[in-house]
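I opened my notebook for a friendly look at charged pairs and open space. Here is the structure I worked from.

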Amino acid sequence: MGAFKEPHGGELKNLYLPEDAAEQEKQAARDYASWDLTERQLCDIELLLNGAFSPLEGFLGKDDYDAVVDDMRLTSGVLWPIPITLDVSEDFARDLNEGDTLALRDLEGVIVATLEIGDIWTPDKKREAEGIYGTSDQAHPAVHYLVNTAHPVYVGGRLAGIEAPTHYDFKHLRDSPAELRDRLKKLGWRKVVAFQTRNPMHRAHQELTLRAARDVEANLLIHPVVGMTKPGDVDHYTRVRCYEHLLSRYPEQTSMLSLLPLAMRMGGPREAVWHAIIRKNYGCTHLIVGRDHAGPGKDSRGEDFYGPYDAQELLKQHEEELDISMVPFRMMVYAENRAQYIPMDEATDDDHVLNISGTELRRRLQEGLEIPEWFSFPDVVAELRRTHPPRHRQGFTVFFTGLSGSGKSTIANALMVKLMEIGGRQISLLDGDIVRKNLSSELGFSKEHRDLNIRRIGYVASEITKNGGIAICAPIAPYTATRRDVREAVSAGGGFVEIHVATPLEVCEERDRKGLYALAREGKIKEFTGISDPYEAPHNPEMVIDTTEITPDLAAHRILVKLESMGFIK
Ligand code: PPS
């Protein structure tokens, strides 16, 4: 028993070819069709190849996929909750045949593995979303990814590993399951409780992990996810530096830190089962599971996707079969009168209990306010402050969207001038017309081209924002899903302020500054937004402006006030 426990399915897989065979396969792969793995696929393949996803031996074939979606099991009967699939474009799939071998490459074109194609099929994504995540609501990050980012065709088959995906960062903290098992064995750690996290850890986390380890008399593995987490999370570089500071505060020889390059799906209950399987493969005997484990946030009606204890319950149901124990996580609070952390459910009326929520912490970081020592260690807070300066020192993007002639460009220009008057910041204007001249001159106005255009704008804006500048964008940007992707990309590195210039179509058409509406009505311009092409209005923009009612000057002034109230300018 203990750390030398059986992996899931009985055998720890290692899908890498021996050195000589790998070299031969690499040569042979020059003649294979070649697929460049996406960021998600790179995470998945790393954990397939090193056995973290044992007993899988490749990307799921159709029968296994169906069984996972419907019954949470592989066709062999082994429990498996999340489909690990290789999604490719229709164009690419057209020339593939079952029995062919594919070369799979990383973002720089380096070959990672080859795949012997077993199945090629077009999945029913709605069925997948409902089966796995219990919803087809795109407010769920995994459903959004499945519908908008994942390609339409799946290719299943066995993998032959050639070279592990490269990581240049934190090499000393990256272990394959076999390596971690070796370390545990060497240390004689037979009982190991894993702590899964995608957030920075503070004193409460330290208390709860220490207690969990003490309760089950086990050693502790801090096993944070450094692959893909929830959009908007603190980047893993910052987090890992925080974990390293924290680790030095644990009693000697009790705890270890190792990084997990997993692409999370935020799949709640099924994801909790998946996390347990992965930790079992890494040699752990216990997993700490909290309230709303791997929760995806709120649905589009503002309600929780899953109940707070659904994940714990699903894992509990399968605990015995999985042979890894769940340690339910108790919410810890600081009792000021006792000068110590206690489980919230042990607090009495006499206790003066303190807590700082994630939202409150972000607010304090954004506004440069005090973060008390009872809450976190000073070196952890200093790390967070380095990468999260107060809002007025962060970059941000003001993203206007609205019909042609709604007044976007005029307001954007006025706003730029007003910001320049305030001074001290670098500003770039990415107006629709300017972008189409410089960045997107070859594009037309089909949905595909418009999306490409907006993604380019989003990319440039996210780079500007990340580096502390201000980007002002003013395209039509008619599609909700694309705007959402831009918001995600930009928000990762600073602020995103969406402004819907909601001047009604009749007004835009009557103004017809460029004479385009008349041409569109005559059918001389095709696919014209509002006339012969759709415009999906934003649901929750930071601001709505109708230029029928106010001048561009006043509109720009209102935006400035909004930016001030949001803390972006001081
Ligand atoms: S999009 O949908 O965001 O990619 O559009 P965008 O890059 O902002 O370009 C819009 C400007 O191009 C002119 N134009 C058209 N607009 C909409 N539909 C069609 N078919 C079209 N053809 C040309 C128009 O002048 C838009 O400029 P604005 O500043 O919005 O009036």
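**Salt bridges and a pocket**

I began with Asp 433, which is partly exposed, with a relative accessible area of 40%; here buried means under 20%, exposed over 50% and partly exposed in between (1.4 Å probe, protein chains only). This is a predicted model, so I kept to its limits: local features need pLDDT of at least 70, side-chain atom pairs count only at pLDDT 80 or more, and totals for chains, interfaces and linings use all residues. Residues are numbered from 1 along each chain as its sequence is written, and side-chain values use heavy atoms, with hydrogens and water left out.

Next I looked up the partner of Asp 433. I found a salt bridge to Lys 514, with the closest N and O atoms 2.8 Å apart (a side-chain nitrogen of Lys or Arg within 4 Å of a carboxyl oxygen of Asp or Glu). The pair links distant parts of the chain, 81 residues apart: Asp 433 sits in helix α15 (residues 432-438), and Lys 514 in the loop between α18 (505-511) and α19 (516-521). Helices are DSSP runs of H or I, at least four residues, numbered from the N terminus. Lys 514 itself is exposed, at 54% relative accessible area.

I then searched the whole structure and got 37 salt bridges. One of them joins Arg 127 and Asp 70 at 3.1 Å, N to O. Arg 127 belongs to helix α5 (residues 125-133) and Asp 70 to helix α3 (residues 62-71), so this pair ties together parts 57 residues apart in sequence. I noted Arg 127 as partly exposed, at 28% relative accessibility.

For a local pair I picked Asp 91 and Arg 94, whose side chains meet at 2.9 Å, N to O. Both are in helix α4 (residues 90-94), three residues apart, about one turn of the helix. Asp 91 is exposed at 56%, and Arg 94 is exposed at 59%.

Last, I turned to the second largest pocket, whose volume is about 730 Å³ (the space filled by probe spheres set on grid points joined across faces, edges and corners). A pocket is an open set of points on a 1 Å grid over the protein atoms alone where a 1.4 Å probe fits, with protein on both sides within 12 Å along at least five of seven lines; lining residues have an atom within 4 Å of a point. Of its 37 lining residues, Ser 404, Gly 405, Lys 408, Ile 476 and Lys 514 are the closest to the centre. Helix α14 gives the most to this lining, with four residues.

Key:
Helices (H or I, at least four residues) and strands (E, at least two) are DSSP runs, numbered from the N terminus.
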